[in-house]
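Here is a short briefing on one structure. Keep the sequence and the 3D view open as you read.

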Amino acid sequence: MTKDLYTNTVVIGSGPSGYSAAFRLADLGINTVLIDKKNVLGGVCLNNGCIPSKYLLHIAKVIKEVKKLNNFGLKIDVKKINILNIILEKNKIIKKLNNGLKSIAKSKNIKILNGSAYFNDKNSILLNLNNTNDKIKIFFKNAIISSGSKAIKLQDIPYDNPRIWNSTDALNFIKVPKKMLIIGSGIIGMEMATVYSALGSKVDIVERSSKFFSFLDSDITKIFKNSFKDDFNILLGTKIVKIIEKKEGILVNLNNFNGFNENILYDVILIAVGRKPNVKNLKLNNVGINLNKFGSIKVDEKLRTNIKNIYAIGDVTGNPMLAHKGSYQGKIVAEIIYGKNIYYDPKVIPYIIYSYPELAWTGILEKEALEKKLNYKVAKFPWSFSGRALSSNNNLGITKLIFNLDTNRIIGGIVVGSGAGELLGEISLAIEMCCDAEDISLTMHAHPTLYETICLSSEIFQKKCVDII
């Protein structure tokens, strides 16, 4: 049975980009229908990504910090940690946030429908409702595609083996594997290595590239790589030749250009080689929506596809696939539909790896400044000179800022250290506000704090820092 439904705007996907768009549309008085395959809001980020992983990373951070205090007699026995309780608490947090989103949607009178949607034509979609044979034909004036992304699968991997995990499996474990292989040294790989090594796993990361985070400044990646040398191994320039399923585990043949060739038995393999847009089942060909060569939906500066009343936001628009990019786009597109003459044009996008220590960056880094032949200067403040870092046992860190010498304005920044992601807020705002070095250094920063390393870096640029040799 098919029913008809009419709305101004339909939003496909209820992750951070989708629900942000729907909530803002409702605030602006625009009738909105929000669709998701799942019966809960929040998408991958809330249910199987950002939020649960950050809870587990918080646990990992506490474990690692306590381990640092072993020399003072404060010890923790990882073997006595109740994994089930950790997972139950994680699920409680997710449920609380799910209920919060549901309450917000209800208060804004947003109609939520659960099922699989696909385009019928430029002004209608068909929705197969969950757990029923019923369909709804939704007629719309505007549509927003925010269907997110899914994990990339590798060829010749026995995915039906329960020992082969994706990122969702890694967040819902009930037993910590003794030995774990992670394929991929990106953000997900690094964060899961941090979690499992803290919980007692012996972790190897295998990466085909011979360089570690090659798009970042080499001086920073060297510090970052050195920070986890005692926690887990990373095998660069290495490929998997063969995987053999055995009763006691998975035997993996690894080799690299240095002549390394070894068979290693692992309890679990986590595939973390990236994500791709969720567009396959939307039947975009029915309306002729254009994709780029990477399979992402092409949009203009107003987040419109080539079909002017159909917009796309979040992961479906390609890299960077970040929740905060999606939610930012969601609010922008809602106001564009409302009629405001605005554009999606952020000066910077923040990136954070929530490992221990964290790595965070934004804007133009030194590597890019060199490639663009900019007239720039770097200012670095090592955390070994920070009273706050030393007193909290976090001296392994650095704050690095990049300034344009023609204007003295800050154009980029990168931080390694505990809580680096929180420090990135001031750097991003300073770049967006076109601050120069004096704007930063003449803003009084609290002492002792880690964020004062931003001020001190700007003083180093101006050659007036008194806190460093």
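**A serine and its surroundings**

S185 is buried, because its relative accessible area is 6% (buried means under 20%, exposed over 50%, partly exposed in between, with a 1.4 Å probe and protein chains only). This is a predicted model: local features need pLDDT of at least 70, side-chain atom pairs count only at pLDDT 80 or more, and totals for chains, interfaces and linings use all residues. Residues are numbered from 1 along each chain as its sequence is written, and side-chain values use heavy atoms, leaving out hydrogens and water.

**Around S185**
- The loop between β8 (179–183) and α6 (187–198) holds S185; helices (H or I, at least four residues) and strands (E, at least two) are DSSP runs, numbered from the N terminus.
- Leaving aside residues up to four places away in sequence, S185 touches M190, I205, E207, F212, F213 and I234 (contact means heavy atoms within 4.5 Å).

**Helices α3 and α6**
- Two packed helices are described by the angle between their axes and the distance between the axes.
- The axes of α3 (residues 50–68) and α6 come within 9 Å and cross at roughly 50° (axes are lines fitted to C-alpha atoms, for helices over the stretch in contact, and angles run from 0 to 180 degrees between N-to-C directions).
- Residues making the contact include L56 and L57 of α3 and M192 and V195 of α6.

**Helix α13**
- Nine of the 10 residues of α13 (residues 452–461) are buried, so this helix is largely enclosed by the rest of the structure.
- Its buried residues pack against β19 (376–382), β20 (398–404), α11 (420–432) and α12 (437–441).
- After α13 comes K463, with a positive phi near 60°.
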